[in-house]
Amino acid sequence: MRPMDEIATAEPPPAPGAEQYPALDLANSAVTLPGGHRIDLLATPGAAEQWLVDRGLAPSGTGLIETCAGRLRSLREQIRALLAARTAGLPAPAAALTAVNDALTRAPAASLLHWDPDRGLYREAAHPVTQIVEHALAVLAANAADLLTGPDAERLTACRSAPCSRYLLRHGRRHWCSTRCGDRARAARAYARRTRTDAD
């Protein structure tokens with residue numbers, strides 16, 4: 001049996017659609033668990049770098065700093081705002097649109113030409129870590145735009161098992177991001193039925 005704190009902070013499996021859409025995976029990188037526990041997979045520069053490395057969006061050893069991790073967390077919140085608006089049938093928030101469009105257009109197109117007395121002419125990004133991060137942000141923003149404007153947008157939904165805050169692509173009648181959330185929702189419904197029956 002694992003200790004309670006380990007159970008409480010165990011990362012849930014990817015939500016349906018997260019493997020196809022890294023932007024959905026990004027939106028779900030902060031997870032609310034029962035009992036008010038919260039996991040943030042981007043909480044530190046090292047964690048944010050590992051998240052990018054695991055998804056092929058940055059090479060290992062990138063050396064992410066807090067500013068870069070903060071930009072990734074900020075994009076996550078803007079994508080979450082767009083997903084929330086889409087699933088609720090509300091207009092897209094202007095600030096979220098601006099942030100995603102900014103991420104889409106900031107990716108550097110080319111490495112710059114440099115001169116070094118020992119190396120001669122060579123090409124390299126002026127700030128390699130910044131270039132890696134901006135490329136990753138552009139990929140995630142483009143992926144979010146594809147999800148929100150493509151045919152899968154109709155299947156987008158929020159997990160219906162409180163307090164979970166993740167999004168998923170619905171399959172049939174399933175509205176839960178994981179088996180754990182589905183079990184919790186069914187248990188809550190059964191408890192509500194028993195309570196009503198006892199009250200009658």
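How far is the sulfur of cysteine 181 from the closest cysteine sulfur, and which residue holds that one? In this predicted model, the partner is cysteine 177, and the gap is 3.7 Å, too far for a bond. A disulfide would need the two sulfurs within 2.5 Å. Searching the whole structure turns up 0 disulfides.

| Cysteine | Closest cysteine sulfur | Sulfur distance | Relative accessible area |
|---|---|---|---|
| Cysteine 181 | in cysteine 177 | 3.7 Å | 4% |

Now for the nonpolar cores. The largest one has 37 residues, and the members touching the most others are Trp51, Leu72, Ile79 and Leu83. Who supplies it? Helices H2 (22-27), H3 (45-54), H4 (66-88), H5 (94-105) and H6 (128-149) each give two or more residues, as does strand S6 (167-169). H6 puts in the largest share, with 8 residues.

Which residues does leucine 83 contact, once its neighbours within four places in sequence are set aside? The list runs Leu24, Ala27, Leu147, Leu148, Leu156 and Tyr167. Apart from this core lies another, of 7 residues, and our cysteines turn up there: its members include Cys159, Cys177 and Cys181, along with Leu168.

As background, nonpolar side chains in soluble globular proteins tend to be buried together.

Key:
Residues numbered from 1 in each chain as written. Predicted model: local features only at pLDDT ≥ 70, side-chain atom pairs only at ≥ 80, totals over all residues. Heavy atoms only, no water. Core = buried A, V, L, I, M, F, W, Y, C linked by side-chain atoms within 4.5 Å. Buried < 20%, exposed > 50% of the residue type's maximum accessible area, 1.4 Å probe, protein only. Helix = DSSP H or I, 4+ residues; strand = E, 2+ residues; numbered from the N terminus. Contact = heavy atoms within 4.5 Å.
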